[in-house]
Amino acid sequence: MIPSLYEWAGGREAIEKLFTRFYARVPEDPLLKDVFAAMDPAHAAHVAAFVGEVFGGPPAYSQDHGGHPHMIRKHLDRHLTEAKRRRWIELLLDCADEVGLPADPEFRSAFVAYLEWGSRLAVINSQPGA
């Protein structure tokens, strides 16, 4: 039986560890620090819940925060650029290695595919008039 990406990643603990590490590094990043300068202290946990749900985990983000429509609204008028999107992915993949997410090619292929899809939607939804 093929596990969900949530299970394959290591569940809630692994995904929270990933985003905690990622958002701890963001303030040091010249390209991303301004994007997240006013970040809520619970931001890492919220993003971990969203990604966990998308990967097949419990529907915590939908139940507590309004699901995908809420996430889209969080990106409105943020004016994200392609350079920032690519850096977000690069840093997140570095953090995935640091925290020990599976290096299995099938897992990483699905993981990167989701990051590409989601980050491109975030850029589109961040532009004026979206």
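A salt bridge is counted here where a side-chain nitrogen of Lys or Arg lies within 4 Å of a carboxyl oxygen of Asp or Glu.

## Basis of the model

The structure is a predicted model, in which local features need pLDDT of at least 70 and side-chain atom pairs count only at pLDDT 80 or more, whereas totals for chains, interfaces and linings use all residues. Residues are numbered from 1 along each chain as its sequence is written, and side-chain values use heavy atoms, with hydrogens and water left out.

## Salt bridges around Arg87

The structure holds nine salt bridges. One of them joins the side chains of Arg87 and Glu90, at 2.8 Å from N to O. Both residues belong to helix H6 and stand three residues apart, about one turn of the helix; helices (H or I, at least four residues) and strands (E, at least two) are DSSP runs numbered from the N terminus. Arg87 has a relative accessible area of 18% and is therefore buried, while Glu90, at 45%, is partly exposed. Buried denotes under 20% relative accessible area, exposed over 50%, and partly exposed the range in between, with a 1.4 Å probe and protein chains only.

Arg87 also meets Asp29 in a salt bridge, at 2.6 Å from N to O. This pair links distant parts of the chain, since Asp29 lies in the loop between H2 and H3 and Arg87 in helix H6, 58 residues apart. Asp29 and Arg87 are both buried.

The side chains of Arg120 and Glu116 form a salt bridge of 2.8 Å, N to O. The two residues are four apart in helix H7, so about one helical turn separates them. Arg120 is partly exposed at 41% relative accessible area, and Glu116 is partly exposed at 26%. Salt bridges with shared partners connect Glu82, Arg85, Glu116 and Arg120 in one network.

## The nonpolar core

A nonpolar core is a set of buried Ala, Val, Leu, Ile, Met, Phe, Trp, Tyr and Cys residues joined through side-chain atoms within 4.5 Å. The largest such core has 36 residues, of which Leu18, Phe19, Phe22, Tyr23 and Trp88 touch the most other members. At least two core residues come from each of helices H1 (5-9), H2 (11-25), H3 (43-54), H6 (82-99) and H7 (105-125). Helix H6 contributes the most, with seven residues.

Beyond its neighbours within four places in sequence, Tyr23 is in contact (heavy atoms within 4.5 Å) with Phe36, Met39, His43, Ala44, Val47 and Trp88.
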